[in-house]
Amino acid sequence: MNPNNKKQTISFFGTCSASSNITLVSQQISGAFDVKKIRASFAPGVERLMKLKFYISPDPEAPTTAHPNGVNILQQTGQANYITGDNEFKEFEHEVRNPTRNAWLKVYAENADTFAHTIDAQVTIEYLD
């Protein structure tokens, strides 16, 4: 990741198997940054049975049986610490500061469905000067 680019969108793509969890991990982000925007797409048939949680983490670990280390960036003030959907695209501005260097972004998916579902999410960050 290059801190010389002021803004950067980090994409997460994968598949979460039926009745399971998965953590998708970005590359290391070497500079301090603000999260600016979160975007997620939910395919038809998800029926709100898959939850996506977004983390700023101090390590690159990708657990499948527990939540990742770090801060759930939706947990700070909201009623729910995840987003979900069905046949829809969600994009919203959500600013969270990470003043430290060498962090990772993570998307943690919890799939309660009996079918596998794809993960298609993006997080836009802005590097701090």
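Strand 4 and strand 5 (residues 71-72) form an antiparallel pair over two bridges. Within that pairing, I56 has V71 of strand 5 as its bridge partner. The model is predicted.

**Strand 4 and its partners**

Strand 4 covers residues 50-57, and seven of its eight residues are buried, so the rest of the structure largely encloses it. Strand 4 also pairs with strand 7, again antiparallel, through eight bridges.

V107 sits in strand 7, which spans residues 104-111. Is V107 buried or exposed? V107 is buried, because its relative accessibility is 0%. What does V107 touch, beyond residues up to four places away in sequence? The list is F12, I22, T23, L24, L52, K53, F54, I119 and A121. K51 is 56 residues from V107 along the chain, and their C-alpha atoms are 10.0 Å apart.

Strand 1 is joined to strand 8 (residues 117-127) by ten bridges, and the two run antiparallel. There, F13 stands opposite D120 of strand 8.

**Loops**

S26 belongs to the loop between strand 2 (20-25) and strand 3 (33-42). S26 counts as buried because its relative accessible area, 9%, is under 20%. Apart from neighbours within four places in sequence, S26 contacts I10, F12, W104 and L105.

Which backbone angle stands out at S19? S19 has a positive phi of about 50 degrees, although S19 is not a glycine. S19 lies in the loop between strand 1 and strand 2. S19 is exposed, with a relative accessible area of 57%.

N102 also has a positive phi, near 60 degrees, and is a residue other than glycine. N102 is in the loop between strand 6 and strand 7. N102 is partly exposed, at 40% relative accessible area.

**Salt bridges**

How many salt bridges does the structure hold? There are eight.

| Residue | Partner | N to O distance |
|---|---|---|
| R97 | D34 | 2.7 Å |
| K36 | E95 | 2.9 Å |
| E91 | K37 | 4.0 Å |

The side chains of R97 and D34 meet in a salt bridge. This pair links distant parts of the chain: R97 is in strand 6, D34 in strand 3, and they are 63 residues apart. R97 is exposed, with a relative accessible area of 52%, whereas D34 is buried at 5%.

The side chains of K36 and E95 also meet in a salt bridge. K36 is in strand 3 and E95 in strand 6, so the pair ties together parts 59 residues apart in sequence. K36 is partly exposed at 21% relative accessibility, while E95 is exposed at 52%.

E91 forms a salt bridge with K37. E91 is partly exposed at 43% relative accessibility, and K37 is partly exposed with a relative accessible area of 30%. Through shared partners, salt bridges join K36, E95 and E126 into one network.

Note on methods. Residues numbered from 1 in each chain as written. Predicted model: local features only at pLDDT ≥ 70, side-chain atom pairs only at ≥ 80, totals over all residues. Heavy atoms only, no water. Helix = DSSP H or I, 4+ residues; strand = E, 2+ residues; numbered from the N terminus. Buried < 20%, exposed > 50% of the residue type's maximum accessible area, 1.4 Å probe, protein only. Contact = heavy atoms within 4.5 Å. Pairing = 2+ DSSP bridges.
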